Every structure is written in structure tokens, then in C-alpha cells.
Amino acid sequence: MELCSTRNTRQTTNPLWATVDSMPSGGGLWAMESLPRLKSQDQCECAKGSYAHHAATVLSMLFDCSVEAMQKLTTAAYTRFDTPEITKIAPLGQDRVLELFHGPTLAFKDMALQFLPHVMAQAAQAMARKEKILILTATSGDTGKAALEGFRDVPGTSVLVFYPKDGVAEMQRKQMVTQQGGNVSVCAVEGNFDDAQRGVKEIFADEAFAQELRAQGYCLSSANSINFGRLAPQICYYVNARARLVNDGALRPDQDLDVIVPTGNFGNILAAYYAKQMGAGLGTLICASNANDVLTEFFTTGNYNSRRPFHKTMSPSMDILVSSNLERLLFAESGRNEAEVQRMMDSLAQTGQYALQPDIAQKFKTKYPAYSCNDEETAAAIRATWEQHKYLLDTHTAVAVGALAKHRAAGCANSPVLIASTASPFKFAPDVYRALTGVQVDDAFEACQRLADHTGQSVPQAISELRTLPERHNAVCARSRMRDAVRAFVREMDK
Ligand SMILES: *Cc1c(COP(=O)(O)O)cnc(C)c1O
């Protein structure tokens with residue numbers, strides 16, 4: 001399988017190389033030329049084995065390699081999870097929650113970022129890269145920690161994470177600034193996530209700076225969800241979940257499974273889209289947003305408008321106004337129309353907005369239901385779900401649950417829907433606890449303890465152990481000084 005640029009289909013690469021050279025030169029993203037087709041029989045049989053094996057069967061099709069070779073990577077990737085099935089599927093009334101947060105950092109980002117370093121190491125070897133890989137990542141909270149854990153002490157790599165200074169939850173900040181390992185660093189950026197993401201994108205586009213780094217023995221790569229090496233392993237959990245539900249008799253083999261995803265940068269839901277195109281048996285894909293409802297407006301009107309007030313919400317990992325991976329959906333759904341993608345992305349860069357052609361806008365409106373929930377509705381979803389089902393939601397998954405209620409109220413779904421659950425509620429304990437009790441507890445650890453007492457669940461060890469770890473990374477920089485932060489990090493690494 002080949003990948004091509006969304007803005008120039010003659011520019012191609014292979015999936016392995018794309019994990020290291022994560023963006024095409026000249027802008028755009030790597031997109032799949034055509035998707036391999038899953039064999040449905042195999043998939044259900046495969047799902048009876050280990051997750052690592054099932055994921056390897058899917059990934060081997062995407063990376064054009066043997067299942068055995070891929071299974072070496074997936075076996076190494078999926079060792080640090082607290083459940084043998086890697087993901088759990090929990091009933092919630094007639095629906096199912098796909099718990100994707102059982103990895104070391106308690107967010108779904110681990111599903112991809114525990115895998116990425118292994119495939120990147122393979123790629124660097126295949127490409128005979130002499131330079132060390134320097135991962136630069138902008139995070140809205142969870143990618144940063146997951147990237148730091150994934151790449152920690154991996155030979156030949158180092159990671160620098162930029163996070164919005166006042167834009168992440170206290171526990172997310174704590175997880176990052178206490179990170180251990182000899183090849184990692186973290187820097188706060190003055191601004192919001194879009195500022196940090198734009199800063200990183202500018203660095204990637206700066207050829208002179210790349211040359212400067214190459215002279216020092218480093219090549220830049222990204223661990224953001226625009227990296228194909230992150231998207232690919234995310235496809236697997238949708239294939240796996242649908243197959244498990246069929247195997248368990250919860251779904252007929254011919255029944256499609258609708259999916260709702262709490263969305264930020266559009267990576268997770270795009271993986272569901274790819275899984276569906278591959279024949280995984282998925283139905284309608286429903287996009288859930290928080291008060292930053294740019295995607296809701298886009299799917300219902302065909303207009304993407306990032307020029308709007310930025311809201312800090314209790315689902316900070318979704319506080320995003322420029323959803324990078326949407327470009328890949330535009331590419332696929334416009335019939336791989338590179339000129340059309342270029343037109344829209346130029347417009348976005350110049351004016352902060354773009355509009356779909358009317359026929360495509362109409363198609364999007366009917367094909368992709370989209371809803372948003374503000375903080376009040378999100379808190380209500382947490383409370384109602386606990387009261388009715390004794391099931392505890394985190395603030396991001398609660399956006400999806402609230403959105404699903406709106407979808408149902410519109411009369412749109414009567415079969416079970418798969419709800420992608422993206423984080424442990426304990427990561428966002430002050431907000432979850434306040435949603436349940438109305439009581440404000442500012443200290444994140446104290447809130448975790450209260451939440452545990454209130455619900456009878458236990459605080460995950462990955463959180464309780466943070467309490468005593470020293471804060472190691474306290475750098476802050478202006479958006480205009482992010483290159484200097486990279487230079488300082490490289491000097492530090494070379495010491
Ligand atoms: C990253 C993240 C999201 C958004 O996922 P995208 O792939 O960026 O759409 C949602 N919830 C949580 C907890 C996250 O960490």
C-alpha cells in the first residue's frame with residue numbers, strides 16, 4: 001500500500017517511512033491511496049485470540065508485512081496495560097462503552113503511542129537513518145504524557161512536548177512535569193493548544209531549522225495524531241471491538257455498529273472511518289464535540305470557521321479549533337481531489353475558514369451526525385450515567401454520552417451504539433467529582449480520593465504514584481520562542 005499527500009497525489013511514500021517523515025514536504029498529510037479490505041470471517045476468528053495478534057493481522061495489511069513480523073511489534077507495544085484484553089467493552093443500557101484507557105497514562109493515546117516507537121525504530125533502520133529522531137509534539141493534555149511514556153529511554157529517539165500553559169488539567173500537567181527518563185523534556189507554551197500546535201507545525205515547515213538540526217545529528221518527527229503510525233493502530237481497536245461484539249452475540253454478523261467519538265483533532269474518529277472503509281462492519285460515525293463546537297457546525301452547515309471564541313472546558317483534550325486530521329476526511333470524501341483540499345486549506349490558513357462545495361456539504365450533513373455538549377450538559381451526563389447505571393464517565397467520554405442522547409432524541413438510532421471512551425475518570429477527578437456531588441475540590445489528588453470513596457472504585461496506581469514524584473520540567477516559553485526551546489533541548493541531550 002502506498003500513501004500520498006492530500007495536496008499532491010504524485011507525492012508518495014510507504015507507510016513505514018511515513019512514521020518517521022510524518023508530513024509530506026510542501027504541506028498536506030499522508031493519506032492512504034486505497035484501503036485494504038478485511039476478510040470478515042478471519043476478523044471474528046482473530047478476535048478470539050490475543051489483542052496483539054488481532055491488531056497485527058490488521059496492521060500487517062496496512063504496512064504490507066507478515067503478521068508474524070508485525071506481531072513482534074504489537075506484542076512489545078501492548079504489555080503495559082492493566083487488562084489482558086487491552087481494551088474493555090462495558091454495557092451501558094443498550095449501548096456499549098469501548099474503554100480505551102487501560103494503558104500506562106490512562107488515556108486512549110496509549111493505544112497508539114505505545115506502538116509508535118516500535119514501528120518508528122523499525123522504519124529508521126529500514127531507511128538507514130543516521131540521525132537520531134527528535135520527536136516534537138504539541139499536546140492538549142494526553143498526547144504529551146503518552147508520547148513521553150512511549151518514547152522514554154527508547155534508543156535513538158528523544159521527545160520534547162509543548163503544552164498550553166494554562167490549558168491542561170492539573171493531573172495532566174502533573175503527569176508531564178514529573179516525567180522521568182533521560183531523553184525527554186516538557187515545555188509550557190504561553191497560549192492555547194492551537195497556538196502550540198501552530199508553533200510545532202511552523203517548526204516542521206522550516207527547512208533552514210531542519211538543516212540546522214540535521215547538522216547536529218537530529219531529524220524531526222511528530223508523535224501527533226497526524227502521524228500515520230498513530231492512526232494505524234487506532235483502526236485496530238474498532239475492528240477488534242466490532243468482532244468481539246459479534247462473537248459475544250451482542251451483534252448479528254450482518255449488523256453494522258454505529259460509533260460515537262468524543263472528538264478533538266479528528267484522529268480517533270478518522271480511525272473509525274478507515275476501519276469502516278476496510279469493511280469492519282461499522283455503521284454511522286457520530287462526531288461529538290464540547291463547547292468548542294467548530295466540527296458540529298462544520299458537519300451541519302459545510303462551513304468550517306475557526307474564528308470563534310476559544311472555550312476552556314472540563315474536557316481540555318478536546319479544546320481544539322483546528323482539527324488537523326479533518327484534512328484526510330476531506331481528501332477521501334472529495335474523491336481524492338487534491339486541488340479542492342488545497343483550496344480549502346489555503347483558505348483556512350488565510351482567512352481561518354473554508355466552505356465545502358454545496359453537493360459535498362449536503363452529503364456530509366446526512367452522513368455525519370454531529371452534536372456538541374457544553375460543560376453543563378457534560379456534567380449532567382456524568383451524573384445521570386452514574387445514577388442510572390452506576391457507570392463512571394470521564395469528562396470527555398461524557399461529551400459523547402450527552403451527544404448520543406441528543407442523537408437518540410432526534411430519533412436517529414435504535415440499535416446499540418459503540419461509545420469510544422477516551423480517558424479514566426480519575427484523570428479529571430475534580431470535575432467528575434463536582435458533576436456527581438456539586439462539591440468543588442481543587443486539589444486533584446484529594447478529588448481522586450473523594451471520587452474513590454464516593455464510587456467505591458480505586459484510584460489507579462498511575463495517579464497515586466505521581467504524588468511523591470518531583471517536578472522535573474518547569475520550562476515556559478512564548479510561542480515565538482519555541483525554536484529556542486528545541487535548541488536548548490538538543491544542547492541538553494548532547495551533554
Ligand atoms: C485526544 C483526546 C480526545 C480527542 O481525540 P482526537 O483523536 O484528537 O479527536 C478525546 N478525549 C481524550 C481523553 C483525549 O485525550
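Which strands does helix H7 lie across, and at about what angle does H7 run to E7? I looked this up before anything else.

**Entry 1: ground rules.** I am reading a predicted model, where local features need pLDDT of at least 70, side-chain atom pairs count only at pLDDT 80 or more, and totals for chains, interfaces and linings use all residues. Residues are numbered from 1 along each chain as its sequence is written, and side-chain values use heavy atoms, with hydrogens and water left out.

**Entry 2: the helix.** I found H7 (residues 142–151) lying across strand E6 (132–138), E7 and E8, at about 165° to E7. I note that helices (H or I, at least four residues) and strands (E, at least two) are DSSP runs, numbered from the N terminus. Angles run from 0 to 180 degrees between N-to-C directions, with axes fitted to C-alpha atoms, for helices over the stretch in contact. E6, H7 and E7 make a right-handed β-α-β unit; right-handed says that, with the strands pointing away from the viewer, the path from the first strand over the helix to the second runs clockwise.

**Entry 3: the sheet.** Five of them form an open, parallel sheet in the order E9-E6-E7-E8-E16. E9 (218–222) and E16 (475–478) are at the edges with a single partner strand each, so one side of each has no neighbour in the sheet. On average, neighbouring strands here are turned by 30° against each other, direction ignored.

**Entry 4: pairings.** I count two strands as paired if DSSP finds at least two bridges between them.
- E6 and E9 are parallel over 5 bridges, and Ile135 has Ser221 in E9 as its bridge partner.
- E6 and E7 are parallel over 6 bridges, and Leu134 is partnered by Ser158 in E7.
- E7 (residues 157–164) and E8 (residues 184–190) run parallel, joined by 6 bridges, with Val161 opposite Val186 in E8.

I then saw helix H9 (residues 193–205) packing on the sheet, where H9 touches E6, E7, E8 and E9 and makes about 150° with the direction of E6.

**Entry 5: burial.** Is E6 enclosed or open? I found 6 of its 7 residues buried, so E6 is largely enclosed by the rest of the structure. Buried is under 20% relative accessible area, exposed over 50%, and partly exposed in between (1.4 Å probe, protein chains only). Across the 495 residues of the chain, 61% count as buried.

**Entry 6: the whole chain.** I finished by zooming out. The chain has 22 helices and 16 strands, and its C-alpha atoms fill a box of roughly 60 × 50 × 50 Å along the principal axes.

Definitions and conventions:
Contact = heavy atoms within 4.5 Å.
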